[in-house]
Amino acid sequence: MTAETSQTLDRGLRVLKLLADTDHGLTVTELSNKLGVNRTVVYRLLATLEQHALVRRDLGGRARVGLGVLRLGRQVHPLVREAALPALRSLAEDIGATAHLTLVDGTDALAVAVVEPTWTDYHVAYRAGFRHALDRGAAGRAILAARQQSAPDHPGYTLTHGELEAGASGAAAPLVGVSGVEGSVGVVMLADAVPERVGPRVLDAAREVADALR
């Protein structure tokens, strides 16, 4: 460190870089060890970063990059949507259902990109900006399942019915391998149950979006 640099700012940026390099977040103790500072310093850094939504902590106390990082650059969020749109369009047209990219925002699931099919007589109206609790709906539940590192026999996607809207079913698969971003790709449809082919198709779309965001 030189006289012209800020040690606190340097540590805060190092925290963000460390969190961006992990998919599962880091504890205060882990950050303390990696930074070579005591836990009190780490708590203060995290509290400050949380105030600006640059970091969030889950119920287990693990710190992760917050969506405030995306808001730092006005063009970042549109770029995320743009990267996901080709896969979402293909998914919506193939399945005939509304497709969406959902990211974690605090304790909520936030839809950041939505594509509706062009050829169906009716479909579920779902808008970018729609948010709901992570433990309700396929989009949020898929993210939670990824956090829990699902069993080997888990299909990789999550199906739900009637959790967010009566008569609507959903299927979603998590984004995997995208550093610093938690999210899922899914579809929502007016049906009593999700057709068998939809889950694997959603899983493929999630992989396509993850590849586009890397």
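These legends accompany a set of close-up views of one predicted model.

The model is predicted, so local features are included only at pLDDT of at least 70 and side-chain atom pairs only at pLDDT 80 or more, while totals for chains, interfaces and linings use all residues. Residues are numbered from 1 along each chain as its sequence is written, and side-chain values use heavy atoms, with hydrogens and water left out.

**View 1. The largest nonpolar core, with 33 residues.** A nonpolar core here is a set of buried Ala, Val, Leu, Ile, Met, Phe, Trp, Tyr and Cys residues joined through side-chain atoms within 4.5 Å. Buried means under 20% relative accessible area, exposed means over 50%, and partly exposed lies in between (1.4 Å probe, protein chains only). Look for L88, L91, L101, L175, V185, V187 and V198, which touch the most other members. Two or more residues each come from α5 (76-95), β3 (98-105), β4 (108-115), β7 (168-174), β8 (183-190) and α7 (198-213). Helices (H or I, at least four residues) and strands (E, at least two) are DSSP runs, numbered from the N terminus. Another core, of 17 residues, lies apart from this one and includes L16, L26, L54 and A63.

**View 2. L91 and its surroundings.** Contact means heavy atoms within 4.5 Å. With neighbours within four places in sequence set aside, L91 is in contact with G96, A99, V185, G186, V187, R201, V202 and A205.

**View 3. A113 in strand β4.** A113 has a relative accessible area of 3% and is therefore buried. Setting aside neighbours within four places in sequence, we find A113 in contact with R81, L88, A99, H100, L101 and A128. The C-alpha atoms of A113 and L79 are separated by 11 Å, and these two residues are 34 residues apart along the chain.

**View 4. Helix α1 (residues 7-20) against helix α3 (residues 39-51).** The two axes come within 10 Å and cross at roughly 75 degrees, so α1 is roughly perpendicular to α3. Axes are lines fitted to C-alpha atoms, for helices over the stretch in contact, and angles run from 0 to 180 degrees between N-to-C directions. Angles under 35 degrees count as roughly parallel, over 145 as roughly antiparallel, 65 to 115 as roughly perpendicular and the rest as oblique. On the α1 side you will find T8, R11, G12, V15 and L16, and on the α3 side V41, L45, L46 and L49. This contact of α1 with α3 holds 6 nonpolar, 2 polar and 1 charged residues. Ala, Val, Leu, Ile, Met, Phe, Trp, Tyr, Cys and Pro count as nonpolar, Asp, Glu, Lys and Arg as charged, and the others, Gly among them, as polar.

**View 5. Helix α2 (residues 28-35) against α3.** Here the axes come within 9 Å and cross at roughly 110 degrees, so α2 is roughly perpendicular to α3. V28, T29, L31, S32 and L35 of α2 meet R39, V42, Y43, L45 and L46 of α3. By class, the contact of α2 with α3 has 7 nonpolar, 2 polar and 1 charged residues.

View 6. Most residues other than glycine have a negative phi. A53 is partly exposed, at 29% relative accessible area. Beyond neighbours within four places in sequence, the contacts of R56 include E50, R62, R64, R147 and E182.

**View 7. The buried residues of helix α6 (residues 138-147).** A138, A139, G140, A142, I143 and A145 are the buried residues of α6. They pack against β3, β4, β5 (131-133), β6 (158-161), β7 and β8. Just after α6, Q149 takes a positive phi of about 50 degrees.

**View 8. The aromatic pair of Y126 and F130.** The structure holds 1 aromatic pair. Y126 and F130 are edge-to-face, 5.2 Å centre to centre with 65 degrees between the planes. Rings of Phe, Tyr and Trp (its six-membered ring) pair if their centres lie within 6.5 Å; planes under 30 degrees apart count as stacked, over 60 as edge-to-face and the rest as tilted. Y126 is buried at 9% relative accessibility, whereas F130 is partly exposed at 34%.
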